[in-house]
Amino acid sequence: MKRKEIKQKAKKVMKRHYGLLIVICLLSALLAGGLSRTFSTVQTSNESASLPSRLSANEVLQNLIEEDLDAGKVIAHQIQQEEIQSNSSAVFGRTNGVMAALVNSISSGSIYVTLTAGIHTIIGSENLSIWCLVFSVMAFFFLAWFFIQNIFAVIVQRMILEARTYKYVAHDRFLFLSRVRKWRHVAWVRFVEYVYGSLWSLTIIGGFIKHYSYYMIPFILAENPTLKSNETIRLSRMMMKGYKWECCKLELSFLGWDMLSVLTLGLTGIFYSAPYKACAMAEYYVYVRQCSLEADLSYQKFFKDTYLYRPAIPSLLQQAYPEGIRMHQKPKSLAGIRGFLVNWFGILLKNGKEEREYERANHRFLQYASLKREIEGLQYPTRLFHIPEMEKRSRLALLDPLRDYSIWSLILFFFYFFWNWMALGSQSASDH
């Protein structure tokens, strides 16, 4: 298959599911950029004009570890300097209040020193308290990477593969791995892949070659998350044998779009080139998968998800869904200004009894609509997947991104994303 044909198919998928792909790209950007910096020490521009005697959290920890200074003296000095410089380092121009104190302490790094002091009072050892804090922070970021950022690529590929075949993709497919109880398993497989790739990168050219040898691992796990780590890696190597250079050329064909994304501060990347490239690479996987099956039928034992690439016939869907379609009416909207805000903006003015009943009825209607699309062949039939998916799980059922949100929730979302944006901007400025 030529690159032009792959890109044409990718554009068709992107046009049909543009909104979904934008959400995926935004989440990818948040996880790739925001997750690793959410709790990092942010150095704003006014810090460069602060007194030389002011110590940052990193300097405090470095002094305590390397020079074995007295923790109490250093902490007291840090708190004193924070009080002196509070007016110049206040976030959002605020110096008073609980929220301002919390945000200022995190952005300046003094909260880490305070935590160290608290651990020191419990343990009684200065150096041990510092190392406990360091290892705790490292463990937190490792677990966040291991269970979230590490496997997000698999979830993305799964949703794109469903999008190329079906007209609709359910929003709860983000929890696909949890519903089949393979979240931890896939995280481990991807961790092994990362270790192998890191070791190969120590060689002169091995890292480049193995990057493309392991390229199909997220796609393979998206189709069959039951495979073990060595099986997945070996299967990807076998599939990419003879296709590495083609894959490299396909990636290089998006170099111009990547440069444009840099010039537009990532806007063209999120809203066009990133979903375009993701769909193109998914099409390339389908192409390589088909070539592998035609060359060796033994691959069929690994590729079990037939209905990920073609819809099921109506008779098979009737067997999988014998209860048929139970009619559910869309709930009656709220009256007055409440109904206007819910219908047009998804905002709830309050969380009263009538609002809660409307939310429950609307959730049941969305579940019915999703089941109806599966029976009609417009959405991936989850009951035909080779791993039984959990349809009833109370904790997962509550995670509904299409629900209506209160004003306070929207305000909290705004400040969370605005804070991450501020952190990313400050980090970029400090890097330059």
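**Aromatic rings in a predicted model**

Mentor: This predicted model holds 21 aromatic pairs.

Trainee: Which kind of pair do Phe146 and Phe147 form?

Mentor: Phe146 and Phe147 form an edge-to-face pair, with 4.8 Å from centre to centre and 85° between the planes.

Trainee: And is Phe146 buried or exposed?

Mentor: Phe146 counts as buried, because its relative accessibility is 11% and the cut-off for buried is under 20%. Phe147 has 28% relative accessibility and therefore counts as partly exposed.

Trainee: What about the rings of Trp257 and Tyr272, how is that pair described?

Mentor: The pair of Trp257 and Tyr272 is tilted, because the planes of the rings are at 45°; the centres are 4.8 Å apart.

Trainee: Where in the chain are Trp257 and Tyr272?

Mentor: Trp257 belongs to helix α15 (residues 255-263), and Tyr272 belongs to helix α16 (residues 267-295). The two residues are 15 residues apart, and their pair links distant parts of the chain.

Trainee: How accessible are Trp257 and Tyr272?

Mentor: Trp257 has a relative accessibility of 31% and counts as partly exposed. Tyr272 is partly exposed too, with a relative accessible area of 27%.

Trainee: Back to Phe146 and Phe147: which cluster are they in?

Mentor: Ring pairs join Phe146 and Phe147 into a cluster with Phe142, Trp145, Trp188, Phe191 and Tyr194.

Trainee: Where is Tyr196 found, and why does it count as partly exposed?

Mentor: Tyr196 is in helix α10 (residues 183-200). Tyr196 counts as partly exposed because its relative accessibility is 33%.

Trainee: New topic: which charged residues lie over the rings of Phe254 and Phe385?

Mentor: Lys7 has its charged end over the ring of Phe254, 4.7 Å from the ring's centre. Over the face of Phe385 lies Arg158, at 5.0 Å from the ring centre.

Trainee: Now the whole chain: how many helices and strands are there?

Mentor: The chain has 21 helices and two strands. Of its 432 residues, 43% are buried.

Trainee: What share of the contacts join residues at least 24 apart?

Mentor: That share is 74%, counted among contacts between residues at least 6 apart in sequence.

Notes. Residues numbered from 1 in each chain as written. Predicted model: local features only at pLDDT ≥ 70, side-chain atom pairs only at ≥ 80, totals over all residues. Heavy atoms only, no water. Helix = DSSP H or I, 4+ residues; strand = E, 2+ residues; numbered from the N terminus. Buried < 20%, exposed > 50% of the residue type's maximum accessible area, 1.4 Å probe, protein only. Contact = heavy atoms within 4.5 Å. Phe/Tyr/Trp six-rings, centres within 6.5 Å; stacked < 30°, edge-to-face > 60°. Lys NZ or Arg CZ within 6 Å of the ring centre and 35° of its normal.
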